[in-house]
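Subject: Structure for your review

Dear colleague,

Please find the structure below, followed by an account of what was found in it. I would be grateful if you would read the two side by side.

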Amino acid sequence: MIPTTTIPVKDGIANPAPLGLCAFGMTTVLLNIHNAGFFEMNGMILAMGIFYGGMAQVIAGVIEAKKNNIFGLTAFTSYGFFWLSLVGLIVMPKLGWTTPASEGAMCAYLGVWGIFTFLMFFGTLKLNRALQFVFGSLTILFLLLVIGDATGNPAIKHIAGYEGIICGASAIYTGIANVLNEVYGRVVLPIGPVKV
């Protein structure tokens, strides 16, 4: 039998941030293990991109809307659809639905996401240090990916992979910290709240 712990919820809706952060983080780690050169692009990454990185984050974003959290809504739904669109960019050409994106097109795609992430980083300045690290390292990841595609240099893509593993791991940490801190009602894993 699984023990249950009841967490007091102020507005009747559980905190969706841990789901969104873990979905983003775990999918990011797995993709970037590939980018670092440890294994090929495969169905495991694509399935994570659709079902956990994509759909779970969109669900978390919708719940954030119910909690009236504009930052959570914007971040989780946007990155959820990022994962779904990234899988589409990989799969649709293989199905013959469209031509593959050129390196220039991928630079534009990743560049727009990098700018979005950099702008969202400013929202974290009122939240906590852990989220600042997630969004700051994600901005750097997008920059490295753009440089890697623009130059065609595989070494930069491998560096991006290692940096992406760190970024994803920081999101997992932040998500699990939220879970444990709420379950135990105290700081188990610090996230560095910002004093307003």
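In which helix is Phe133 found? Phe133 is found in helix H5; helices (H or I, at least four residues) are DSSP runs numbered from the N terminus, as are strands (E, at least two).

This is a predicted model, in which local features need pLDDT of at least 70 and side-chain atom pairs count only at pLDDT 80 or more, while totals for chains, interfaces and linings use all residues. Residues are numbered from 1 along each chain as its sequence is written, and side-chain values use heavy atoms, with hydrogens and water left out.

Leaving aside neighbours within four places in sequence, Phe133 is in contact (heavy atoms within 4.5 Å) with Ile166 and Ser170. Although Phe133 and Ser170 are 37 residues apart along the chain, their C-alpha atoms are separated by 7.2 Å.

Helix packing

Two packed helices are described by the angle between their axes and the distance between the axes. The axes here are lines fitted to C-alpha atoms, for helices over the stretch in contact, and angles run from 0 to 180 degrees between N-to-C directions.

The axes of H5 and helix H6 (residues 154-184) come within 9 Å and cross at roughly 160 degrees. H5 and H6 are therefore roughly antiparallel to each other; angles under 35 degrees count as roughly parallel, over 145 as roughly antiparallel, 65 to 115 as roughly perpendicular and the rest as oblique. Their crossing is left-handed, that is, the near helix is turned anticlockwise from the far one by less than a right angle (clockwise would be right-handed). The residues of this contact divide into 16 nonpolar, 6 polar and 3 charged, where Ala, Val, Leu, Ile, Met, Phe, Trp, Tyr, Cys and Pro count as nonpolar, Asp, Glu, Lys and Arg as charged, and the others, Gly among them, as polar.

H5 (residues 129-151) also packs with helix H1 (residues 17-35), their axes coming within 13 Å and crossing at roughly 35 degrees. H1 contributes Leu21, Phe24, Thr28, Asn32 and Asn35 to the contact, and H5 contributes Leu131, Val134, Leu138, Leu141 and Leu145. By class, these are 7 nonpolar, 3 polar and no charged residues.

For H3 and H4, the axes come within 12 Å and cross at roughly 165 degrees, and the two helices are therefore roughly antiparallel. H3 passes H4 in a left-handed crossing. Among the residues of the contact are Phe71, Tyr79 and Phe82 of H3 and Tyr109, Trp113 and Phe116 of H4.

Aromatic pairs

Rings of Phe, Tyr and Trp (its six-membered ring) pair if their centres lie within 6.5 Å; planes under 30 degrees apart count as stacked, over 60 as edge-to-face and the rest as tilted. The count comes to 13 aromatic pairs. In one of them, Phe82 and Tyr109 have ring centres 5.8 Å apart and planes at 20 degrees, so the pair is stacked. Phe82 lies in helix H3 (residues 70-94) and Tyr109 in helix H4 (residues 103-124), so the pair ties together parts that are 27 residues apart in sequence. Both Phe82 and Tyr109 are buried. One aromatic cluster includes Phe24, Phe82, Tyr109 and Phe142.

Yours sincerely

Notes:
Buried < 20%, exposed > 50% of the residue type's maximum accessible area, 1.4 Å probe, protein only.
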